[in-house]
Amino acid sequence: MSSLRPVELRFGDLRIEGWSRAGDDNWFRVHPPGLAFDVGRGALQLAGARDVFLSHGHLDHALGLPYVLSQRSLHRLVHTRVFCPAEIAEALGAFIAAAERLERAKYRYDVVPLSPGDRVAVGKGLTVEAFDTDHVVPSLGYHLWHNRRRLAAPFAGLPAAELIALRERGVDTAEVVEDLWLSYCGDTGPRIFEMEPRLFRSRVLMVECTFLGEEHRDKGERFKHLHLGDIARWADELHNEAIVLHHLSRRFRVEDLRAEVERRMPALAPRIHILVEEKEG
């Protein structure tokens, strides 16, 4: 179980808490609706998440799943839905079953395989959509969509009395608009921005940044992780309200990343946030 202090970020209606270091521990909880993106080595904060979306099976993202399920079952919380890339669903189920045998317990969960384009309702007006990412193992990223109703264009400008009369006659004067609230890329290589251009218009973009420095420039493509230079290349296209960097390699300090962001992307720097914290003490 992770005992590290989580970081919390707020962006209007959205709140993100979590902790992230490459190869160590990577988990995030997004409110609303309180779902989890990855579980790292397990954190008590995730015991409140009914829905868990795993990006891939590497243990710094998935090891803590049995612990989270154990905690939720211990406290008799509602059934947990565990979503994952379809290719790892069978192995993930076996992993959880082994933990159940160790504990002589029965967890309350379902493993739900997903493919790119699949959508899941996760709350009132909220939907998660899976998309493909660029990693060395089967992996998915996730978009969080917020649906809202507004007056449809053909009825704009009509007097209130006329709108009321139309509704009384059964005419639906509203239309549903989808806002891309948040995008979580999980672990991914440099091709992600070409594969999923919707990332550029997500309100909050959570994207990994594992490597810094010219001496590590080739590692992004080799290991299918992002170097800060891969993000800087697309700086002019990143119209997000906020960009959250995570998954920094343990060989780098947070201060190093902040300094590189200021140097390489000064115009974008005010919108960049880093979801990682140094260990206490």
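Q: Why is Glu 260 called buried?
A: Buried means under 20% relative accessible area, exposed over 50%, and partly exposed in between (1.4 Å probe, protein chains only). Glu 260 has a relative accessible area of 18%, so it counts as buried. This is a predicted model, where local features need pLDDT of at least 70 and side-chain atom pairs count only at pLDDT 80 or more, while totals for chains, interfaces and linings use all residues. Residues are numbered from 1 along each chain as its sequence is written, and side-chain values use heavy atoms, with hydrogens and water left out.

Q: Where does Glu 260 lie, and what does Glu 260 touch?
A: Glu 260 is part of helix H8 (residues 254–264); helices (H or I, at least four residues) and strands (E, at least two) are DSSP runs, numbered from the N terminus. Setting aside residues up to four places away in sequence, Glu 260 touches Leu 212, Leu 228 and Met 265, where contact means heavy atoms within 4.5 Å.

Q: Why does Val 78 count as exposed?
A: Val 78 has 53% relative accessibility, so it falls in the exposed class. Apart from neighbours within four places in sequence, Val 78 is in contact with Arg 50, Arg 72 and Arg 108.

Q: What makes H2 largely enclosed by the rest of the structure?
A: Of the 10 residues of H2, 8 are buried, so the helix is largely enclosed. Among them are Leu 65, Pro 66, Val 68 and Leu 69. The cover over the buried residues of H2 includes strand E4 (35–39), E5, helix H1 (59–62), E6, H3 and E7. After H2 comes Arg 76, with a positive phi near 55 degrees.

Q: How do you know that E5 and E6 pair?
A: Two strands pair if DSSP finds at least two bridges between them. Strand E5 (residues 51–53) and strand E6 (residues 80–85) are joined by 3 bridges, and they run parallel. Across this pairing, Phe 53 stands opposite Phe 83 in E6.

Q: What makes E1 and E7 the edge strands?
A: The open sheet has 7 strands in the order E1-E2-E3-E4-E5-E6-E7, with mixed pairing. Strand E1 (7–11) and strand E7 (109–114) each pair on one side only.

Q: At what angle to E7 does helix H3 run?
A: Helix H3 (residues 89–103) lies across E6 and E7 and runs at about 165 degrees to E7. Axes are lines fitted to C-alpha atoms, for helices over the stretch in contact, and angles run from 0 to 180 degrees between N-to-C directions.
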